[in-house]
Amino acid sequence: MNEKTWMAVDAYLEKELLGTNDVLARTLVANREAGLPAIDVSPLQGAMLEVFVRMCGARRILEIGTLGGYSTICMARALPPGGRLISLEYEKRHADVARKNIERAGLDDKVEIKVGAAATSLEALAGAGEGAFDLIFIDADKPNNAVYLDWAMRLSQPGTAIICDNVVRDGEIADPDPADPNTRGAQDAIKFFGGRANLRATALQTVGSKGYDGFAIAVVTA
Ligand code: SAH
Ligand code: DHB
Ligand code: MG
């Protein structure tokens with residue numbers, strides 16, 4: 001068993017389960033042409049997010065870390081009529097690419113991108129009485145995971161799903177004293193999920209076209 005097998009299985013599952021999706025394929029092309037880093041969720045991971053949105057019957061979604069809007073589109077296309085997704089992105093250049101992709105996907109009536117440091121935008125959202133959100137996807141600068149999780153709890157209600165990307169990091173998550181601040185951020189997320197009486201959480205290790213990584217997945221219980 002090796003990386004070649006994981007890639008072949010990813011390709012097989014992608015072909016059998018997802019077929020082709022022109023809007024999502026064009027989004028990835030646009031993101032690479034714009035020079036954005038290739039750190040979008042994979043197609044199967046995007047489909048997982050879509051399935052989560054539908055499982056929750058989510059009407060209001062919050063995303064932290066837009067990049068070119070690939071994960072945004074995966075989730076927003078699963079919203080019912082009148083549903084809304086707010087996505088927070090620090091880099092205006094990324095948000096501009098994302099807005100074009102979202103418009104091409106016909107989702108600009110459902111999606112709003114707020115440009116700026118997510119911690120600032122979250123404070124503004126809470127101040128404006130936005131929330132509760134039904135699903136919150138955290139996928140931005142990992143050292144701030146705990147900050148984002150604090151806000152996520154304040155913008156939640158019982159039943160809200162909170163999903164955090166990149167928590168396995170090639171297995172570094174199990175290192176008792178990791179040097180990488182991103183891995184420390186991933187550990188902060190796991191500790192947060194494990195330490196709250198009003199959360200039930202799990203984590204899912206993933207292999208495939210994005211290498212070896214994983215998602216932490218929690219639901220607010222009270
Ligand atoms: N969710 C996207 C990938 C996000 S990559 C997808 O799967 O398609 C992480 C993004 O977080 C990058 O675009 C980066 O610019 C953004 N980011 C980094 N620091 C941030 C901050 N402090 N506030 C908001 N966004 C930030
Ligand atoms: C990185 C960030 C991500 O959100 C991701 O999914 C993969 C990699 C990174 O910063 O390297
Ligand atoms: Mg990520």
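Y148 puts a polar side-chain atom 3.3 Å from a nitrogen atom of ligand 1, which is a polar contact in the sense used here (a pair of N or O atoms within 3.5 Å). The protein covers 89% of the 580 Å² of accessible area that ligand 1 has on its own, with areas taken from the Shrake-Rupley method and a 1.4 Å probe. This is a predicted model, so to speak: local features need pLDDT of at least 70, side-chain atom pairs count only at pLDDT 80 or more, and totals for chains, interfaces and linings use all residues. Residues are numbered from 1 along each chain as its sequence is written, chains are lettered from A and ligands numbered from 1 in the order written, and side-chain values use heavy atoms, leaving out hydrogens and water.

**Ligand 1**

- Around ligand 1 there are 21 residues, and V41, S71, E89, H94 and D139 come nearest; a residue counts as near if one of its heavy atoms lies within 4 Å.
- That shell splits into 10 nonpolar, five polar and six charged residues, with Gly counted among the polar ones.
- D141 uses its side chain instead, placing an N or O atom 3.4 Å from a nitrogen atom of ligand 1.

**Ligand 2**

- I39, D139, K142, D165 and N166 surround ligand 2.
- By class, that makes one nonpolar, one polar and three charged residues.
- The side chain of D139 has an N or O atom 2.7 Å from an oxygen atom of ligand 2.
- K142 brings a polar side-chain atom to 3.1 Å from an oxygen atom of ligand 2, and for I39 a polar backbone atom is 3.4 Å from an oxygen atom of the ligand.
- On its own ligand 2 exposes 290 Å², and the protein buries 61% of that.

**The magnesium ion**

- D139 (OD), D165 (OD) and N166 (OD1) coordinate the magnesium ion (ligand 3) at 2.0 to 2.1 Å; donors are N, O and S atoms within 2.8 Å of the metal (3.2 Å for Na, K and Ca), and sites may look incomplete without water.
- Along the chain, these donors follow the spacing D-x25-D-N.
- D165 and N166 are both buried, meaning under 20% relative accessible area with a 1.4 Å probe and protein chains only.

Methods: Polar contact = N/O pair within 3.5 Å; in protein donor to acceptor, adjacent residues only side chain to side chain. Buried < 20%, exposed > 50% of the residue type's maximum accessible area, 1.4 Å probe, protein only.
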